[in-house]
Amino acid sequence: MRMALDCVPCYLRQCLRALNFAGMQQLGEDVLRKVMERLLELDWTLTPMEVGFEVYRILREVTGIDDPYAEVKSRSNELALSMLPQLRELVKSSHNALRTAVLVSVAGNALDYGALEKVDLRKALEQAFQKPAIDMYSELEEELRAAESMLLFADNAGEIVFDKLMIEVILEELGPKHVTLVVRSTPIINDATLRDAVEAGLTRIPYIRILELPSSSLAEYEEHKQEVIKWIEESDIVIAKGQANYELLSGIEGVFFLLKVKCQPIARELLVPVGSTVIKRSKSF
């Protein structure tokens, strides 16, 4: 998915929000000028996520802070972990444990401080079982049952706890599988990193492998892009959570995307209203 014009002001809002979280509002003009200069240099046919790698590289360089969202990410993980026992019971008592776990995982995608100013996770969970606007769950379940290996691209901190629940249910319902989780190598907004995977307890899942998506800059991602594609090609099933991973990977055939639609460019791309739940398998383009 190529960057939309709507993405440009969104990057600037994200910068100001990150500076507010870091308590460094005085750097606003410097950051915005450098970001705008870089945006003018970049190819606007890049994906929004690829451009975002550069935006957050500039933020880190100007502020000297690696992760302005560190505190809110830890709070998100703590909140999600506090809800986990109740959600396990919900899944266990449901008519279809696997589908319920998938929908809970998608509801966790509401924890996105890039697209949203405020996040109401409990409200998102209450709405989790509304009919998805795009619902390819049957295809997802069919491929999960046949798969021996699964690659999961995580999205946000906090949300990753609900991904853990989904992985646990997949393993309980469908038997042993080789599971690989992909997190960001470098903090971007409240995206999950290795630290969040550890906090969420994902490293305690037996035999799980955790990889880091190169995200410190566009140059780093481009250097390792073929390696990421190889991860996908070597996996029996690939699941990608959230808008950012949809932006980055939607041109690759056969990836399942689980997300909440939170902005107009994604809504237009998928032909669904903002706020929709989506379970979609990508096709060849």
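**Aromatic pairs and a helix contact**

Y246 and F257 are both buried in this predicted model.

User: Why is the pair of Y246 and F257 called edge-to-face?
Analyst: The planes of the two rings stand at 75°. The ring centres of Y246 and F257 are 5.0 Å apart, and a pair needs centres within 6.5 Å.

User: What makes this a link between distant parts of the chain?
Analyst: Y246 lies in helix α11 (residues 242-249), and F257 lies in strand β6 (residues 255-260). The two are eleven residues apart.

User: How many aromatic pairs does a search of the whole structure find?
Analyst: It finds three. One of them joins F21 and Y69, with 4.5 Å between centres and 45° between planes.

User: Why is the pair of F21 and Y69 called tilted?
Analyst: Its angle is 45°. Stacked needs under 30 degrees and edge-to-face over 60, so tilted is what remains.

User: Which numbers describe the packing of helix α2 on helix α3?
Analyst: The angle is about 145°, and the axes are 10 Å apart. The crossing of α2 and α3 is right-handed.

User: What makes up the contact of α2 with α3?
Analyst: Eight residues are nonpolar, five are charged and none is polar. Among those meeting are V31 and L39 in α2, and V55 and I58 in α3.

Notes: Residues are numbered from 1 along each chain as its sequence is written. This is a predicted model: local features need pLDDT of at least 70, side-chain atom pairs count only at pLDDT 80 or more; totals for chains, interfaces and linings use all residues. Side-chain values use heavy atoms; hydrogens and water are left out. Axes are lines fitted to C-alpha atoms, for helices over the stretch in contact, and angles run from 0 to 180 degrees between N-to-C directions. Helices (H or I, at least four residues) and strands (E, at least two) are DSSP runs, numbered from the N terminus. A crossing is left-handed if the near helix is turned anticlockwise from the far one by less than a right angle, and right-handed if clockwise. Contact means heavy atoms within 4.5 Å. Ala, Val, Leu, Ile, Met, Phe, Trp, Tyr, Cys and Pro count as nonpolar, Asp, Glu, Lys and Arg as charged, and the others, Gly among them, as polar. Rings of Phe, Tyr and Trp (its six-membered ring) pair if their centres lie within 6.5 Å; planes under 30 degrees apart count as stacked, over 60 as edge-to-face and the rest as tilted. Buried means under 20% relative accessible area, exposed over 50%, partly exposed in between (1.4 Å probe, protein chains only).
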